[in-house]
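Dear colleague,

I am handing over the structure we spoke about, and below it you will find an account of what was found in it. Please read the notes with the model open beside them.

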Amino acid sequence: MAENKQNNKTYISGEIASESVFSHESYGEKFYECKVRIARLSGTHDTLPVVISERIMPKDWAEGKTIHALGQFRSYNKIIDGKSRLQLYVFILELLDEPKGDKTNIVALAGYICKKPTYRTTPFNREIADVLIAVNRAYNKSDYIPAIAWGRNARFVSGLSTGDRVQILGRIQSREYEKTLTDGNKETRTAYEVSISQIMATDDENELKLWEDANDGD
């Protein structure tokens, strides 16, 4: 069974921001992980975890190197302190010699709503909706991707139900937050999610029309 790459597409362009360390080995193939810093138009940046196979890792792969890559936004559950936590990362499938236009961070997903979206408004009356999307992968696996919508997209998301199929287009963002532990202490953690720029209901899980529109058919 060939791996389905049509319902999960990601492009990132940024600078390697940490030393690469061994992640895991699968069928004799070794994988390494690091962080990549990606600039936003606002002047800030997102720092994302990345996993790459040694088979495509170039010899000059090192902290400070600028990369342009195509891949997927994936998840897995990791037991930390006896609890299962969702871990998210960009899995690199291909390195590019040149950037794809002027965009630095694009992700498009097609999948299913896992649970009823949460809609809320901020003290400044800004509308926000949180949604968790299951994106099918080969061999009966799925990636569970958290996403956040704003404004009219948030209103649209609030009307969706568990099991609805959607396509989303946006960027992967990182944000820090404080978690209050059981002993009362606070710990700074980093969350990763898709900031949605476009969303649509769809009957076709695999045809990423929004990706095609954003990349001029690429």
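Two strands are said to pair if DSSP finds at least two bridges between them, and the strands themselves are DSSP runs, numbered from the N terminus. Please keep in mind throughout that this is a predicted model.

Strand 7 covers residues 105-113 and is mostly covered, with eight of its nine residues buried. Strand 7 pairs with strand 11 (residues 165-180) in the antiparallel sense over six bridges, and within that pairing Val-107 has Gly-170 of strand 11 as its bridge partner. Strand 7 also pairs with strand 1, again in the antiparallel sense, over five bridges, and here Asn-8 stands opposite Leu-109 of strand 7. Strand 9 runs antiparallel to strand 7 and is joined to it by two bridges, while Ile-113 stands opposite Ile-133 in strand 9.

Asn-105, which has its place in strand 7, deserves a separate look. With a relative accessibility of 11%, Asn-105 falls under the 20% limit and therefore counts as buried. The side chain of Asn-105 reaches the backbone oxygen of Ile-172 at 2.8 Å. Leaving aside neighbours within four places in sequence, Asn-105 is in contact with Tyr-11, Ile-38, Asp-46, Leu-48, Gly-170, Arg-171 and Ile-172. Two of these contacts, Asp-46 and Arg-171, are linked together with Arg-40 in a network of salt bridges.

Next comes the nonpolar interior. In soluble globular proteins, nonpolar side chains tend to be buried together. The largest nonpolar core in this model has 35 residues, of which Ile-12, Phe-73, Ile-168, Val-194 and Ile-196 touch the most other members. There is also a second, separate core of nine residues, which includes Ala-110, Leu-208, Trp-211 and Ala-214. To return to Ile-168, its contacts beyond four places in sequence are Val-107, Ala-108, Leu-109, Ile-133, Ala-147, Val-194, Ile-196, Gln-198, Ile-199 and Leu-210.

As for charged pairs, the structure holds 11 salt bridges, and three of them can be described one by one.

- Glu-15 and Arg-37 form a salt bridge whose closest N and O atoms are 3.7 Å apart. This pair links distant parts of the chain, with Glu-15 in strand 1 (residues 8-16) and Arg-37 in strand 3 (residues 29-39), 22 residues apart. Glu-15 is partly exposed, having a relative accessible area of 34%, and Arg-37 is partly exposed as well, at 33%.
- Arg-120 and Asp-130 meet through their side chains in a salt bridge of 2.2 Å, N to O. Arg-120 lies in strand 8 (residues 118-121) and Asp-130 in strand 9 (residues 127-137), 10 residues apart, and the pair links distant parts of the chain. Arg-120 has a relative accessible area of 35% and is partly exposed, as is Asp-130 with 28%.
- Glu-127 forms a salt bridge with Arg-155, where the closest N and O atoms are 2.3 Å apart. Here strand 9, which holds Glu-127, is linked to helix 1 (residues 151-158), which holds Arg-155, and the two residues are 28 residues apart. Glu-127 is buried, with a relative accessible area of 18%, whereas Arg-155 is partly exposed at 44% relative accessibility.

A polar residue in another strand may also interest you. Ser-75 has its place in strand 5 (residues 66-80) and, because its relative accessible area of 5% is under 20%, counts as buried. A polar atom of the Ser-75 side chain lies 2.8 Å from the backbone nitrogen of Tyr-144. Not counting residues up to four places away in sequence, Ser-75 touches Leu-86, Gln-87, Leu-88, Tyr-89, Arg-137, Ser-142, Asp-143 and Tyr-144.

Finally, how many disulfides does a search of the whole structure find? The search finds zero. As to the cysteines, Cys-34 counts as buried at 6% relative accessibility, whereas Cys-114 counts as partly exposed at 27%.

With kind regards

Key:
Residues numbered from 1 in each chain as written. Predicted model: local features only at pLDDT ≥ 70, side-chain atom pairs only at ≥ 80, totals over all residues. Heavy atoms only, no water. Core = buried A, V, L, I, M, F, W, Y, C linked by side-chain atoms within 4.5 Å. Buried < 20%, exposed > 50% of the residue type's maximum accessible area, 1.4 Å probe, protein only. Contact = heavy atoms within 4.5 Å. Salt bridge = Lys/Arg side-chain N within 4 Å of Asp/Glu carboxyl O. Helix = DSSP H or I, 4+ residues; strand = E, 2+ residues; numbered from the N terminus. Polar contact = N/O pair within 3.5 Å; in protein donor to acceptor, adjacent residues only side chain to side chain. Disulfide = S-S within 2.5 Å.
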